[in-house]
Amino acid sequence: MTLTEMQGYAFFFFTILLVVILYGYILHLYRSEKKGERDYEKYGKMALDDELHDRPVEENPKATNDDKKE
Amino acid sequence: MQSSAALEYDYSVAKLYMWTAVIFGIVGMTIGVLIASQLAFPELNYLMGEYGTFSRLRPLHTNVVVYGFTISGIMASFYYSAQRVLKVSLAELPFINFLAKFQFVAYLIAATLLVLSLGMGITASKEYAQMEWPLDILIVVYWVIWGINMFAMIGARREKALYISMWYYIACFLGVAMLYLFNNMEVPTIFFSGGLGAWYHSVSMYAGTNDALVQWWWGHNAVAFVFTVPIIAMIYYFLPKESGQAVYSYKLSLLSFWGLMFVYLWAGGHHLLWSTVPDWMQTMGSIFSVVLILPSWGSAINMLLTMKGEWNQLTENPLIKFMVLASTFYMLSTLEGPIQAVKSVNAIAHFTDWIPGHVHDGVLGWVAFMVFAALMHMAPRAFKREIYSKSLLEAQFWIQTTGVVLYFTSMWIAGITQGMMWRAVDEYGNLMYSFIDTVSVLHPYYTIRAIGGLLYLIGVFMFAYNFFMTATAGRKLEQEPQFRSPMA
Amino acid sequence: MFHWLEKNPFLFSVGVFIVIAFAGLIEILPNFAEAARPIKGLKPYTVLELAGKEVYKKDNCIACHSQLIRPFKSETDRYGKYSLSGEYAYDRPFLWGSKRTGPDLHRVGNYRTPDWHANHMWDPKSVVPDSIMPAYKHQFKNVADLETAYAEAVTVKNVFNTPYGDEIQPGKEAYEKYLKEKALPEALEIAKKMKNKEVLEMVQKGQIPEIVAMIAYLDRLK
């Protein structure tokens, strides 16, 4: 088998693989949201409620802030 | 730790970069208009002796707009919006705040040296990587400090998840770091020759075809990681914030982010079609350029759909106008690019004015519009004043849009005309035109392009005036506006 | 990516880096073993030619001129044989350019004479009436930096094994010897072909103006 042939097969293989990964990923995103496991869209709020005193979408437990924000 | 009442976001670093963005914008684009005019009217080459020729000024133009104007805009946006989406103020991190200011000083020094050295003709001659090795080292230091600051801020964040903009800033940092280091590998000659010659001179680690490959791996991805990735970071923050609409689909943004990261780097080969790099790499470059439409349009469509149900804002708010047109131009140039990357099209388009045409509908329509919108969104918050003039912004928008359209249409025609003339043969198979024929024919298009550029530059001056007046004379604001930027 | 990655900045960055580095690994690295071989009979640039290349870089000719002839009949008819990878083996950096506001120069030495170049650089319109290229008169006055070019030759010889002879050695003495014995006679030959009295006088006095180095370089492009 020549190098070009091998590249041809590799090309075909990777095209299929990448398409499967792409669609698998899309499916994963939508399915987990439909089943109620995750809510991705809530993260979109991060840009809107971005004042220091706004409540984070998800608190970072490691944050070293001891000041009380209300 | 300060009490919560006093704690605010600290915009001091962002403000510094906002000013340099305005200044470098004026400088870079003025040089741009000058060199565009030189192509139409060659007498203009002799205004400054050896320092005023087109060839000497062109890298000054590109470097000042890329590393001056755009990087300033990016850094201003970063130091403004990263605080906000991470919910951590720089005022809480005094050392990082100091480091960020130090980074700014390093930036000013590097920028000044870059302008001086390019003016003197000291250059490594690789496009967008012209800096010689001492400057390269300075720039690496600058970039590393940025990384430290970014990750320190991330480490102190109150918001656990990183917002979309942060992904793109991280990618910008990593991508530029990797590519810049590899492309600028060079050997300073003074250390290997027993101290002979200019101390700043160096030779590239790579020769010929390899050098070309690494250079366009960089050159193309400098476009990716300076003109695309951080600008997407900006629009993902500023458009939702200015419009008060959450991003249309977070899932789509995930998909287009990882898609863009994976695909973009492969496409560099499309700058070297029909050259002496191996065929399979050229083909890969072509294919991935076309695939690249997907993630690019993913982001752009996501942005446009964010405005769903709120399109009335487009008529009411000039900043929304800028950003919506920016994403539209982003779609245009990410479609145009892949078309040019098709081998048969590239055979005509390469080496012609269609390429600068393509670059400029991207940078003028997408990058610079986004930077203007971001600066004007930040100004009322950073200076606590109302935007000085809405009508001036409106006028700027229309003047600049006209300028961009004149620019790219004239360059499309010029490029295709010249590309076709180079290959035109008569009935006996002889070339029909001498080279100079294909230059003379471009005069009207070069003139139109210069006019388009001039219109755009006028817009930049209007912007600079508006920005200056906002910072100094705008009506004082009692409290920070939440969404829509107030303007008079 | 999977909900948790966006919350782990470190893993996230590692992920991004792997994804972006992937393409380079597959696309860029393999070529390095292959492409660096010079074609048969290719000689490294002389120091004078290297100095000319520095002038070419300094005045940034690359902004408007390419050095890459693509394999199309319209290009080979106009410029000569299409370019081969091995011809660039000693080009550090490569100077292919990306825009042809002026014609390609990869084989310009085949069809232009030193005299033509001299006239053209002094006043392009004198030989091409419609030319939009600026004149580069300063190249007739500025002295070329032979020392830096020599330093470059020494560096590529020692670091990259570029096949230079024994006359290329580190140090000031070796340089001055080379300048007197090799570079000046080479420059003088070109200056004689240029029909420009001042330039000839300068070279005879031991100073090489940029234009002479530049023409040496352009003449070498074949």
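## Basis of the model

The model is predicted, with local features requiring pLDDT of at least 70, side-chain atom pairs counted only at pLDDT 80 or more, and totals for chains, interfaces and linings using all residues. Residues are numbered from 1 along each chain as its sequence is written, while chains are lettered from A and ligands numbered from 1 in the order in which they are written.

## Fold of chain C

Chain C contains 10 helices and 0 strands, where helices (H or I, at least four residues) and strands (E, at least two) are DSSP runs numbered from the N terminus. Along the sequence the pattern reads α-α-α-α-α-α-α-α-α-α. Chain C is more spread out than a compact globule, because its radius of gyration is 22 Å, well over the 17 Å that the globule rule gives for 222 residues. The radius is taken over C-alpha atoms, and the rule is 2.2 Å times the number of residues to the power 0.38.

Taken along the principal axes, the C-alpha atoms of chain C fill a box of roughly 75 × 50 × 35 Å. Of the 222 residues in chain C, 46% are buried (20 or more other C-beta atoms within 10 Å of the residue's own, with C-beta atoms placed from the backbone). Two residues are in contact if their C-beta atoms, placed from the backbone, lie within 7 Å. Among contacts in chain C between residues at least 6 apart in sequence, 72% join residues at least 24 apart.

## Contact between chains C and B

In chain C, 73 residues are in contact with 74 residues of chain B. The elements of chain C that each supply at least two residues to this side are H1 (9-27), H2 (31-35), H3 (47-58), H4 (73-79), H7 (146-160) and H8 (172-194). H1(C) gives the most, with 11 residues.

By residue class, the side of chain C that touches chain B divides into 39 nonpolar, 16 polar and 18 charged. Here Ala, Val, Leu, Ile, Met, Phe, Trp, Tyr, Cys and Pro count as nonpolar, Asp, Glu, Lys and Arg as charged, and the others, Gly among them, as polar.

## Domains of chain B

Chain B is assigned domain 1 (1-161) and domain 2 (369-476), with bounds from an automatic or database domain assignment. The centres of these two domains, taken over C-alpha atoms, are separated by 22 Å. Their contact takes 21 residues from domain 1 of chain B and 19 residues from domain 2 of chain B.

On the side of domain 1 of chain B that touches domain 2 of chain B, the elements giving two or more residues are helix H1 (12-40) and helix H2 (54-86) of chain B. H1(B) provides the largest share, 15 residues. The residues of this side comprise 13 nonpolar, 7 polar and 1 charged.

Methods: Buried ≥ 20, exposed ≤ 12 C-beta atoms within 10 Å, placed from the backbone.
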